[in-house]
Amino acid sequence: GDILDYYLRTDGVWILTRNKQFYKTNNERECAEKCEAERNFNCRAFLFTRKKLQCLTLAENAKMTVTFNSTDAVLYEKKIYLLQCKKGIGKDYRGTEARTWRGIPCQKWAEKKPHNPNYTPEKHPNAGLDENYCRNPDGDENGPWCYTTDPATRFDYCNIPECEGQVTQTAEGCMQCNGEDYHGEVSRTESGLECQRWDAQEPHMHGYTLKHFPEKDLKMNYCRNPDGELRPWCFTTSPTKRWEYCNIPHCTTHPQVSGLGSQCLSQKGEDYRGRIAITESGNACQRWNTQFPHRHGWIPDRYPCKGLDENYCRNPDGEKKPWCYTINSSVRWEYCAIPHCGGTEQGIAGMSNMPVEIPLSEECYRGKGQSYRGTNSITVSGKKCQAWNSMFPHRHEKTPDRFPNADLRGNYCRNPDGDNSPWCFTTDPSVTWEYCNLKRCDDQTQE
């Protein structure tokens with residue numbers, strides 16, 4: 001897979017660290033390669049700044065040192081060092097547990113008292129023998145262990161929990177597409193943190209409650225995807241990590257799509273898979289896998305089950321009916337005239353009088369972004385947006401009723417009040433609002 005798949009990404013975060021190396025790289029992948037090749041220390045993470053294209057490889061990660069906000073920075077932490085659970089016998093466990101199952105503190109691997117160790121960082125440089133953390137350098141069947149600080153006990157085993165949901169692929173244990181219909185019971189994040197219950201507000205207050213998202217199956221502390229993220233996630237029980245994706249395997253079998261019902265328009269047409277590729281005003285559709293003349297975020301590889309084939313009209317984002325970007329550089333997108341299932345020609349002809357609106361899936365904004373109708377719901381510091389119709393955790397007056405023309409749907413970034421750029425209230429009770437993680441459109445097409 002991609003080298004970045006082995007890292008956990010956090011936007012807008014900087015960490016203080018003593019051991020670091022500076023490099024000049026063009027992108028995050030090149031920086032990851034520097035981290036893998038680092039010989040000055042054991043590289044656990046790296047920082048990349050977009051403006052300066054600066055790469056810092058780090059000996060520490062966010063679990064080991066102080067973090068603070070930095071808008072331009074992206075922190076990538078090696079997942080293997082974040083896992084607080086073990087797979088199998090835990091030979092690759094790199095967590096920070098440093099006590100035996102009886103609670104006795106571990107001896108540092110590099111020290112010789114009270115026990116002279118056979119396994120040292122010098123002899124086994126790839127075994128992760130850092131500090132006094134529990135490890136399994138010899139492949140012991142009983143799992144990770146350590147030399148103890150008790151002179152009477154040379155070594156003992158550590159109580160490391162098994163990682164959940166890593167391999168299971170039962171009907172409920174795997175996900176289709178982006179996991180929006182996932183109803184399984186995995187309740188740990190990809191780094192091994194336990195999920196916070198959706199009906200709890202500690203340690204993280206949020207607005208993702210059953211009341212505001214009744215159809216999203218937000219029960220217990222199971223991983224879910226209520227907001228159209230790339231895959232299921234949850235708030236964590238760690239006070240220092242607000243939320244994280246879950247490691248849900250993709251199902252090996254794909255759901256059957258009804259060919260009959262999807263050739264015509266029923267309800268909003270989200271299951272439409274026909275081959276109409278022209279808008280209701282006669283503009284030809286732009287191919288979904290191209291970014292010209294209009295740049296956009298509906299990339300087929302990211303959304304494998306939305307039917308984004310060729311340049312056919314589709315409804316990937318819950319609009320009122322199928323639409324597409326057009327090859328007309330002055331008309332970004334339009335609805336398509338799809339015949340209703342069992343409908344009449346007159347009914348279809350009447351649809352062409354519908355007003356053209358701003359599209360839903362932009363990843364950039366123009367001007368101050370008051371016309372932005374995209375589906376981004378993440379702020380510049382990585383916080384999730386509060387739903388506009390919710391008063392929790394922040395009470396406010398920017399409601400859909402008061403701003404009927406601002407399209408305040410769900411928790412999508414918007415600019416109802418003419419601010420500098422799209423923004424939202426956050427689900428973090430300590431931060432009322434923030435601007436969203438959006439760029440201005442680099443529009444090179446002729447108006």
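**Strands and salt bridges: a first look**

Tutor: Let's start with a pairing: strand 3 (residues 45–49) and strand 5 run antiparallel and are joined by five bridges. Pairing here requires that DSSP finds at least two bridges between two strands. One spot to look at is Phe 48, which sits opposite Val 74 in strand 5.

Student: Before we go on, what kind of model is this?

Tutor: This is a predicted model: local features need pLDDT of at least 70, side-chain atom pairs count only at pLDDT 80 or more, and totals for chains, interfaces and linings use all residues. Residues are numbered from 1 along each chain as its sequence is written, and side-chain values use heavy atoms, with hydrogens and water left out.

Student: Okay! How many helices and strands are in the chain?

Tutor: The chain has two helices and 15 strands. They are DSSP runs numbered from the N terminus: helices are H or I with at least four residues, strands are E with at least two.

Student: Back to strand 5. Which way does strand 1 run relative to strand 5?

Tutor: Strand 1 (residues 7–15) and strand 5 (residues 67–78) run antiparallel, joined by eight bridges. Ile 15 faces Thr 67 of strand 5 there.

Student: New topic: how many salt bridges are there?

Tutor: The count comes to 19, where a salt bridge is a side-chain nitrogen of Lys or Arg within 4 Å of a carboxyl oxygen of Asp or Glu.

Student: What does Asp 11 meet in a salt bridge?

Tutor: The partner of Asp 11 is Arg 50, at 2.7 Å from N to O. That links distant parts of the chain: Asp 11 belongs to strand 1 and Arg 50 to the loop between strand 3 and strand 4 (54–58), 39 residues apart.

Student: Is Asp 11 buried or exposed?

Tutor: Asp 11 counts as buried, because its relative accessibility is 17%. The cut-offs are under 20% relative accessible area for buried, over 50% for exposed, and partly exposed in between (1.4 Å probe, protein chains only). Arg 50 is partly exposed at 29%.

Student: And what does Arg 409 pair with?

Tutor: Arg 409 forms a salt bridge with Asp 407, with the closest N and O atoms 2.7 Å apart. Salt bridges with shared partners join Arg 373, Asp 407, Arg 409 and Arg 414 into one network.

Student: How far apart are the closest N and O atoms of Asp 407 and Arg 373?

Tutor: They are 3.7 Å apart, and both Asp 407 and Arg 373 are buried.
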